[in-house]
Amino acid sequence: FEASSPAVTFQLSGETDNKFYINPNGLLFYILPLDREKRAIHHLQVSTQDAQGNKVDGPVPITIIVEDINDNPPIFLLSNYEGSVRQNSRPGKPFIYVNATDKDDPATPNGQLNYEIIAQLPMVDNVNYFQIDKITGGISLTPEGSQKLDVSKKVNYDLVVLVKDMASQPFRQTTQVHITVLENIWKAPDPVEIVENSTDPHPIKITQVQWNEPGAHYSLVEKEKLPRFPFSIDQEGAIYVTQPLDREEKDSVSKTGRNFTGDMTKFCAHRQLKAELILLNKPLCSETQYIIALRHDNFPTNSTHFNYSFYAVAKSASGDLLARPLQIDVKVKDINDNPPTCPSAVTVFEVQENEYVGSNIGTFTAHDMDEENSVNSILKYRLVDQTPRVPSNNLFLIDTYLGTLQLAKQSLKKKNSPQYNLTVAVSDNDFETHCLLQIKVIDVNDQIPIFEKSDYETLTLSEDTAIGSTILTIQATDDDEQFTGSSKILYHIIEGDSEGQLEVQTDPQTNAGYVTIKKRLDFETTPVHNIVFRAENPEPLIPGVNYNDSSIARLKLIVTDVDEPPQFPLYLFQGSVFENVTVGTKVGNVTAWDPEHRNIRYSLKGDRRTWLRIDSNTGEIFSVAPLDRETETPYRVQVVASEVGGSLSSEVEFQLILLDVNDNAPRLMEKYIGSLFFCYPHQAPGNVTFGATDDDVQSFRGPQFTFSFARENLNEKWELSRINGTHASLSTKPGDFEEKVYNVDIRISDGARPPLDRVVSLPVTFCKCEFESCYRPAGRQPGIPTVGMVVGVLLTTFLVIGIILAVVFMRIKKKGDAENAHPAETKPLKRI
C-alpha cells in the first residue's frame, strides 16, 4: 500500500488472528499458516497515521479468501451399518444409506465424496446382488439381485463400502454393512376358478394379496378395457367377485404370464418407457406405463387360458408404486347352458354327378358356446329328413361326431334332381338344434360335342378376300348343362391350315363357330385347303368318355387367283458407301418378285440430285455423279418395280448412307469482323479468343484442331496458344501497334488422316476504347448520302417550290383581271 503525505505509519486491524502483519513500507504479509476449516475468510482494514497519531487515510477494507487443500479425510458416521431387504424387491430402490462427511470445501473435489462397494461376502453364484448410488450412498438391489436373491440360499450378507474424495490424491475410508434378506410376501396368488352364473350372494372373496409392510394402499387395474369389471379389492388386500359371471360373455385367452421376472431396466427400455433404475419414490415406470407394458402380447410369458386377467397394485401413502403389480388370473368354470347353433341359415354343399358311393361331400360343423373340448360342447349329428326322396330315400350319411357327409347308396344324376335339402339334428347332453343343408348336384362333362353336319362341302374364295371376313358358320351341339365348361364348345382347325390363315370364334350364346380370315390367302402358295374342324369342351371329359368322328367336320376351300402387284421382301432397302467413291460404283441392290411370276422392271423415282441409276433388270443401283455427305445423308429415293407385260407396280424406299471422309478443311467459326479488338494505345499485353469448326464428322473425342502462324514473322508481335480442340488464344507481344485492323494469318489443321489444313485471315482491330469497349467514329455507311447529294436534293426541292409558287401567282393575277374587266367585255356570246 502507498501512503499519502503526511502519513508516516500503517495500521492493520480486523480478523488478523495474529497471522497477518503490515510493515512500514506498506507490504502486507501472512506470518503463520492459514486453516480454511477454522476460518475461510479474513476481513481486514488498513489505515495510515501521521506523526501525531492522527488518521490520514482509510480504513481500506481487505478480504482474504483461504483456498482449500485436501487435508481432511472423509469419515463415516457409523463404523458398522445394518439393514434388511426383501427378496424380489424392485431394483434401484434404496433400503439403507451409508453417510460420510469431509471437512474440506464441498464446492471443490476435495470435499466431494464418492461411494463404492468393494466387496460382497459371500459371493453366491458369482452374482453381485447389491449396488450403491455413488453420490447418495443409497444401497439397493441390482436387476439381477432382484431376480436371484434367494432367502433359501443365504440370509445374511456383508458389504465393504469405500468412500473417497475426488481430489487428485484422494483420501479413502471404508465401513461394513450387514444385510439381512427377508422373504417376499408380495406374490401373485394361484389362479382362481369360479363357476359361471353362480346364485350365491355377492360379493364373494376369491383370493388375497399382501404387501410386505403395513399401510399399503391397494387397487385393481384392468388388463383390458371391459364393458363391466366385476372385481374389487379392500384395503386388507382381499379380492372379491362382485356379481355372477358368464363364461361365454368373456371367453378370451390370456397369453400373458402371471409375473414378469426379467430385467426391468430392459423391460421398460423395450416398451420405450423411462429406462432408469428405481430410486426412492421414483419408480422405473409410471403405473400407467407399467400396466401398458404388461399388456404387450409380444413380451416373453407363460401361456395359460383364463377368462379374466387383471392386476393388483400396492402404493405408498404418497401414491408411488411399492413394487411390481401382481397379475390375478380368473378362470370361469363352464356349465352346459348353451344349445348348439347352426353355422348359417342354410349350409350349401356341391357334389358332382357320377361320384362314387362313399365319396365325401363335405363336413358340416355346428357350434356350441360352451367351453371348447369339454363334455358341454361335444356335439352329435344325425340326418332326420331328405327332400326330394328320389330316386330313393336315405341317399346320404353323416358321421355322428365328425359331421362328415357322404354318399350312401348310389351316384347322383342331375336329371333326377339338381338339388337335395337335408335336415340335420345337432345335439349336446341337454339341447338339440335342427340345421338345414342344401346339396347341389354339379354337372360333369360326360357328353361330347356333335356337329350338325360332318361335311360343309366346297367354298370358293378369291385370294384378296379381306382379312377379318366371316366366310362360314359351323355348328355343333352338346347335351351337358348349358353355359358351363362342360357344354361350351371350342372349335379347332386340325388339318389344312398350316400357315394359320383361318380362325374360328365361338358364339357364347349359341355355340356357333364363325370361320374368319386371319391372314391373307395366297393362290400361288396353296390354291386348295382341305380343312378339318374339331369341336371340344374346355372342361375335360370324364374318364371313359372320348371324342370321336361326331366331333369332326370337313370343308374344301378353293382359292382363286387375283392379279397382284410385285412384292418386295423388305419395307426398306439400305446401302452405304464412302462419299468419295468413284462414279459408277455399285451402292446397293433392290429385289422384288411377282406373285404371278411375271418379269420385273426396275426404275428410280425422286432422284433429285441425279446421283444414282438403277439396272432395270437386276435392281442394282450405281452412282452416276460425285457424292457429298455434307450435302445430304441419308439420300432417299423410291424404287419402282413394274410388271413386264402388266399394269401393276409397287414402290419401296432406298436409303443411301454416305460415310464421311475428310474432305472439308477447317474454317473459322464466324467472321469475327470487329469482335476481336485491343485498346489503342496499346499499354499492356492482352489476348482474344477465336474458334474453328469443320463440316466433316468428328470423332467421339470431338474436334482436335491445331493452330499455328502461317508466316514466321508473325511471331515477332503475336503469340498463339491452343485452348482446347476448337479454340485458341491470340495475344500481343511488346511492340508498336497502330490504330487499324490487322489481318493475322492463322493455319488451322484438323489432325485427321490424311489431315487437311487451311490458312485463314483473322481480323484484329486496334481502336480507342471507352468503357472497355471499342469506340469508332461514325463514317459513311451504306445508304447514307454524301454532302453533294444532300445539296443537290435541297436545290431541286427549292426549284420545285418556286415553280409551284409562280404558277399559283399567275392564276391569282388572271382571276383579278377578269373581275375588273368592263361588263360588256364579260357578257357571254350569244348563239346565232
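Visitor: How do I read the words buried, partly exposed and exposed here?

Guide: Buried means under 20% relative accessible area, exposed means over 50%, and partly exposed is in between, with a 1.4 Å probe and protein chains only. By that reading, Cys679 is partly exposed, at a relative accessible area of 33%.

Visitor: Before we go on, what sort of model is this?

Guide: This is a predicted model, where local features need pLDDT of at least 70, side-chain atom pairs count only at pLDDT 80 or more, and totals for chains, interfaces and linings use all residues. Residues are numbered from 1 along each chain as its sequence is written, and side-chain values use heavy atoms, with hydrogens and water left out.

Visitor: OK, back to cysteines. How many disulfides does a search of the whole structure find?

Guide: A disulfide is a pair of cysteine sulfur atoms within 2.5 Å. The search turns up two. In one of them, Cys679 is joined to Cys769, S to S 2.0 Å. The torsion about that S-S bond is about -100°, so the disulfide is left-handed.

Visitor: Which parts does the pair Cys679 and Cys769 tie together?

Guide: Helices (H or I, at least four residues) and strands (E, at least two) are DSSP runs, numbered from the N terminus. Cys679 sits in strand 45 (residues 677-679) and Cys769 in strand 51 (residues 757-770), so the link ties parts that are 90 residues apart in sequence. Cys769 counts as partly exposed, at 25% relative accessibility.

Visitor: And how far apart are the sulfur atoms of Cys342 and Cys435?

Guide: They are 1.9 Å apart, and the two residues form a disulfide. Cys342 lies in the loop between strand 21 (326-333) and strand 22 (346-352), while Cys435 is in strand 28 (residues 432-442), so the tied parts are 93 residues apart in sequence. With a torsion of about -95° about the S-S bond, this disulfide is left-handed. Cys342 is partly exposed at 25% relative accessibility, whereas Cys435 is buried at 1%.

Visitor: Now sheets. How do strands pair?

Guide: Strands of a sheet pair through backbone hydrogen bonds, either parallel or antiparallel. Two strands count as paired if DSSP finds at least two bridges between them. Here, three strands make an open sheet in the order 23-26-25, with antiparallel pairing.

Visitor: Which strands stand at the edges?

Guide: Strand 23 (360-363) and strand 25 (396-398), each with a single partner strand, so one side of each has no neighbour in the sheet.

Visitor: What joins strand 23 to strand 26?

Guide: Three bridges, with strand 26 covering residues 404-407 and the two running antiparallel. For instance, Asn360 has Gln406 in strand 26 as its bridge partner.
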